[in-house]
Structure formats: structure tokens, C-alpha cells
Amino acid sequence: MTTANQTAVERYRNNFLKEVEANVEEGHMVKMCMQCGVCAGSCPLGPHWTHSPQKIFMMIRAGKRDEVLGSDSMFMCTSCYNCMVRCPRQLPITHIMHGLANYAHRLGLAPKGQPTRDFATLFWNNAIKKGRVNELMLTLRHYFRGGLVSGIKEALGMQSVGLGLFLAKRLNPMEIFGGHGVKDLKGFHAIIAKAKEIEDRKKGFTS
Amino acid sequence: MAKKEYAFYPGCSSQLKASASNYLVSTNSICKSLDIKLTEIPDWNCCGASVGYCEGGELPRIAINARNFAQAETHLPGQDIVATCAACWLSARESQERLDGSAQLLKETNEALAAAGLHYNGGANVRHMVEVLIEDFGYDGLKAPMKKSLEGLKIAGYVGCQTNRPFGIDGESFENPMYLDKMVETLGGEALSKYEQKVTCCGGALAFSEPEKSQKQIRDIVESAYDHGAEMIVTPCPLCQANVEVYQSEINKKQGTKFNMPVVYYSQLMTVAYGGSAKDAALDGQLIKAEKLEKIAGK
């Protein structure tokens with residue numbers, strides 16, 4: 001168990017709703033859910049997740065901490081915002097799901113090897129490395145995530161697409177040497193470090 | 001002086017040789033025709049996109065967006081910020097609204113910005129390019145520079161998610177927004193207004209991480225365009241464009257379909273209608289060639 005998780009468990013005991021309200025982005029809105037299920041029927045990934053947003057919100061109120069923070073559902077979010085615009089109680093469902101995913105990820109409770117959890121981490125690290133996304137490296141790192149052999153197989157499977165994009169001037173092989181980026185990289189990184197420091201302190205992620 | 005000036009936030013995909021470079025080229029073409037001056041926000045950075053939530057968290061995501069606002073505020077005062085990418089627009093506008101709504105968040109954000117010697121006063125106005133075209137120019141205004149009609153072109157208007165939800169274009173519905181169809185009709189094309197997949201999600205970032213699940217979405221989007229007799233799909237979003245165009249060959253391979261449906265940006269349609277060449281419209285940037293549009297451009 002991570003230190004941050006241990007601290008949270010001890011601090012909130014049996015009040016998981018309170019923990020979510022305090023630490024999860026837009027978590028204070030969870031209690032507004034009236035269990036109508038419109039979100040569940042609106043999600044394009046509906047056939048694939050274990051719990052609908054509606055279920056997740058009820059589970060939070062029922063104190064099902066391990067089940068919620070270990071659920072794959074938040075990582076199935078494509079950020080289409082369908083649930084959010086249809087919610088009759090105007091819960092910012094997409095943001096809450098993002099927030100829960102981040103919280104579970106930071107506490108080390110999110111499902112291991114969940115493909116979108118891994119890709120999301122890869123994406124953020126890629127984007128902040130130079131301040132702008134390096135699409136070539138993002139693609140390569142994603143394909144080679146499972147090692148060299150499976151990477152070559154996956155990359156070969158997509159090579160016609162890659163070549164097409166290159167010919168259409170939409171993929172730059174030279175990005176392997178760096179690519180686009182912000183000039184004031186030091187300042188950019190300093191902003192992120194400071195923001196993270198403030199957030200970690202508020203949400204109890206500091207050890 | 002140009003008729004309208006904006007602080008431009010092109011975003012990572014709309015850079016030279018990036019996946020939506022054809023969007024950028026065609027946007028520049030229509031701006032010339034409409035006398036719009038776009039000035040890039042100096043040293044802008046990535047918005048974090050939606051999928052940045054997992055690792056990025058809340059404040060770091062908002063702070064990097066605020067860095068762009070601070071740059072625009074200092075160097076391009078008074079200008080609205082305009083994004084062409086749906087995800088950039090969404091992330092930036094979401095950040096803007098959160099910052100507008102919370103003095104505490106603005107304080108914390110400025111604490112982070114101070115680490116780079118920056119400060120954001122507040123009051124940025126973040127808009128999508130489509131919003132600017134419709135609200136500041138209007139359909140009649142968009143018609144004015146027309147030199148050619150797109151007559152005879154049957155076009156499925158695929159709006160997708162993030163240009164439509166949660167903000168959308170003022171006065172439009174989330175379930176059946178009409179603006180893209182109206183833009184097509186303004187240019188003389190035939191909008192397939194019964195196209196029922198117009199707001200279906202393409203899978204977004206999950207096209208990478210969960211290809212099987214996303215390709216089902218993409219198949220529906222393309223199939224429905226064929227069912228309605230479309231000759232091409234038009235979209236305002238770079239990720240929609242890339243996902244719906246790029247994965248057609250994969251779906252063909254796996255599922256035995258014969259998809260070959262061009263997917264273009266509204267800015268490419270407009271460039272051609274404004275008399276631009278195929279090169280001005282960056283039609284050489286399509287993986288699936290939009291031959292009928294190229295033909296009109298060559299006339």
C-alpha cells in the first residue's frame with residue numbers, strides 16, 4: 001500500500017464520499033446524482049466497462065472504496081461529454097470520472113496494465129517533455145510498450161498508415177531527434193512542478 | 001489592417017508536418033480570403049488534451065493552459081484566443097471557465113505561473129474557429145468571398161464530440177447541431193442532414209489504446225455516410241479527421257469492408273469554394289484522396 005493511500009484510509013475511515021469530495025476533481029458534485037441512469041445509456045463504451053458512472057456514484061456513497069478505485073470504468077472514458085450534457089442534474093460527470101481516474105492512478109489502486117491508463121501516462125509525459133506533443137515518439141513508444149518483438153509486429157501492421165501520413169506531410173520522421181517544443185522549457189517545467197506541488201499538498205499525495 | 005484579428009492557438013497537431021498540418025494550411029487560406037489576421041500566441045504550449053487527466057491532474061493541466069492565456073494577455077492584449085483544434089479549445093475553455101469561477105484557483109494558478117515569471121489577470125475569451133466564422137462573419141459573410149460552388153457534392157457533416165460538447169456553438173443543440181450542414185449548404189454543397197452519426201464519438205485517444213472498441217465507432221460513422229450516399233465526410237476536429245480517415249484501411253483489413261471515404265476539414269471545403277487550388281486547400285494531405293473536391297479546385 002502506498003503511503004498516500006494508507007494516510008487516506010486512516011483519515012477518512014468509512015466515509016469514502018467525504019474522501020472523494022475532498023480529493024477528487026469536482027467530487028463535491030457526486031452526491032447530486034439521482035440515479036436515473038441516463039449517463040449509463042449515453043456512453044459509447046457502454047458495452048465494455050464494469051461499472052457505469054451511475055453505479056460508480058452510488059458505490060461511492062455506499063463506501064465501496066476498493067471497488068471504485070480499482071474499477072476499469074474511468075479509463076474507458078473517451079471524453080465525449082455525452083453523459084455530461086445529458087445529465088438532468090447537471091453533474092460534470094466527465095470531469096468526475098477523469099478526477100477519479102487520476103486519484104486512483106496516483107494512489108496506485110488503478111488496474112495495472114489498463115491500456116488507456118498506460119497511454120494517458122505516456123501522452124502526458126510526452127507532451128510535457130518539450131511542451132508540445134511529439135507525435136512520432138508517442139506512436140513509437142505506444143507500439144513498443146510491450147517490448148521489441150510485439151512492437152515490431154504492431155508497427156509493421158501500421159506501416160502503410162505511417163507511410164501514407166509521411167507522404168501526406170503529416171508525420172515527420174525527423175521528430176525522433178526532438179521535434180517541436182516551447183522555447184522557455186525551463187519556465188514551462190517550473191510551472192508544472194509548482195502546480196503539482198500545490199496539488200499534491202492539498203490532496204495528500206506528499207509523503 | 002485586417003478586418004478581424006485574433007490570438008491564434010494552433011495546437012500540437014496543427015504544426016508543420018504534424019498530423020493536422022493540412023488543417024493549418026487550409027485555415028491560413030480561408031483567413032486570407034476573409035481578411036482575418038491570426039497571430040500565434042508566442043511560445044504556446046500543449047493544452048494537455050483530455051487524456052492528460054490521468055497523469056496530469058487538475059492544477060497542472062489548468063496551469064499550462066493559463067500559461068498560454070498569460071502569454072496572449074501580455075503580447076496580444078484584447079484579442080480573443082482562437083483554437084482550430086477541438087481538444088485545444090475544450091481544454092483551454094474549460095480552464096478559462098474554472099479560473100473565472102474561482103478566485104482560489106486563480107491564486108494557485110498564478111503561484112505556479114510565477115515560477116516562470118508569468119502572471120494571468122483573468123478574462124481570456126477562448127473560442128473555436130468555427131464559432132468565430134459563424135458568429136463574427138455569419139453565413140452570409142462566409143458566402144461573400146465565394147468564387148465557385150460546391151454544387152453536386154454530397155457531404156456528410158460529422159461534427160463529432162468536442163466541438164459540440166460540452167460547449168458547442170451558441171444556439172445549436174447537442175444532439176443534432178446544424179451548423180456544419182449549414183456551412184456546407186452555404187458553399188453550395190449538398191448536406192446530408194439525415195446522417196445520424198453526426199455526433200458519434202470516434203473513440204478519441206482510445207483509438208490508440210483500445211483500437212478494437214474505437215474501430216467499431218469509426219465503422220458506424222463511415223458506414224452511415226455511405227448509407228446516405230455521401231461522397232465525403234467533413235469535420236471540424238483534427239482527431240475526428242485522423243481517426244475516421246486513418247483507420248478505414250485497418251477496418252477494411254480486419255472486417256472485409258471496402259471503405260474509401262475521404263474525410264476533409266470545413267476549411268478545405270471553404271478554400272476550394274473561395275477559388276483556392278488543391279495545394280491551398282492542402283488536399284495533398286489526405287490519405288484517402290478527395291478526388292471530387294480536387295476536381296472542383298482544378299476547374
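## Helices H6 and H7 of chain B

Helix H6 (residues 129-143) and helix H7 (residues 179-186) of chain B pack with their axes 10 Å apart, at an angle of about 30°. The crossing in which H6(B) passes H7(B) is left-handed. This description rests on a predicted model. On the side of H6(B), the residues that meet H7(B) are Val130(B), Ile134(B), Tyr139(B), Leu142(B) and Lys143(B). Their counterparts in H7(B) are Tyr179(B), Lys182(B), Met183(B) and Thr186(B). Sorted by class, this contact of H6(B) with H7(B) holds six nonpolar, one polar and two charged residues.

H7(B) is mostly covered, with six of its eight residues buried. These buried residues are Tyr179(B), Leu180(B), Asp181(B), Met183(B), Val184(B) and Thr186(B). After H7(B) comes Gly188(B), which has a positive phi, near 95°.

Strand E5 (residues 154-157) and strand E7 (residues 232-235) of chain B run parallel and are joined by three bridges. Within this pair, Ile155(B) has Met232(B) in E7(B) as its bridge partner. E7(B) also pairs with E8(B), again in the parallel sense and over three bridges. Here Ile233(B) stands opposite Val263(B) in E8(B).

In a regular strand, side chains alternate between the two faces of the sheet. In E7(B), Met232(B) and Val234(B) point one way, while Ile233(B) and Thr235(B) point the other way. All four of these residues are buried.

## Two domains in chain B

The domain assignment divides chain B into domain 1 (4-128) and domain 2 (146-298). The C-alpha centres of these two domains of chain B lie 25 Å apart. Contact between them involves 21 residues of domain 1 of chain B and 23 residues of domain 2 of chain B.

On the side of domain 1 of chain B that touches domain 2 of chain B, the elements giving two or more residues are H1 and helix H4 (86-101) of chain B. H1(B) supplies the largest share of that side, nine residues. By class, the side of domain 1 of chain B that touches domain 2 of chain B is made up of nine nonpolar, eleven polar and one charged residues.

## The contact between the chains

Chain B and chain A each give 53 residues to the contact between them. On the side of chain B that touches chain A, two or more residues come from each of helix H1 (21-34), helix H2 (53-56), helix H3 (58-75), helix H5 (103-113), helix H8 (206-209) and helix H9 (211-227) of chain B. The largest share of this side, six residues, is that of H3(B). The side of chain B that touches chain A divides into 24 nonpolar, 18 polar and eleven charged residues.

H1(B) therefore has a place in two descriptions, by the definition of contact as C-beta atoms within 7 Å: it gives residues to the side of chain B that touches chain A, and to the side of domain 1 of chain B that touches domain 2 of chain B.

## Chain A

Chain A contains twelve helices and zero strands. Its pattern along the sequence is accordingly written α-α-α-α-α-α-α-α-α-α-α-α. The C-alpha trace of chain A spans about 55 × 40 × 30 Å along its principal axes. Of the 207 residues in chain A, 44% are buried. Among contacts in chain A between residues at least 6 apart in sequence, 61% join residues at least 24 apart.

The domain assignment of chain A gives domain 1 (3-112) and domain 2 (115-197). Taken over C-alpha atoms, the centres of domain 1 of chain A and domain 2 of chain A are separated by 28 Å.

Notes:
Residues numbered from 1 in each chain as written. Chains lettered and ligands numbered in written order. Predicted model: local features only at pLDDT ≥ 70, side-chain atom pairs only at ≥ 80, totals over all residues. Helix = DSSP H or I, 4+ residues; strand = E, 2+ residues; numbered from the N terminus. Nonpolar A, V, L, I, M, F, W, Y, C, P; charged D, E, K, R; others polar. Pairing = 2+ DSSP bridges. Domains from an automatic or database assignment. Axes fitted to C-alpha atoms, helices over the stretch in contact; angles between N-to-C directions. Left-handed = near helix turned anticlockwise from the far one by under 90°. Buried ≥ 20, exposed ≤ 12 C-beta atoms within 10 Å, placed from the backbone.
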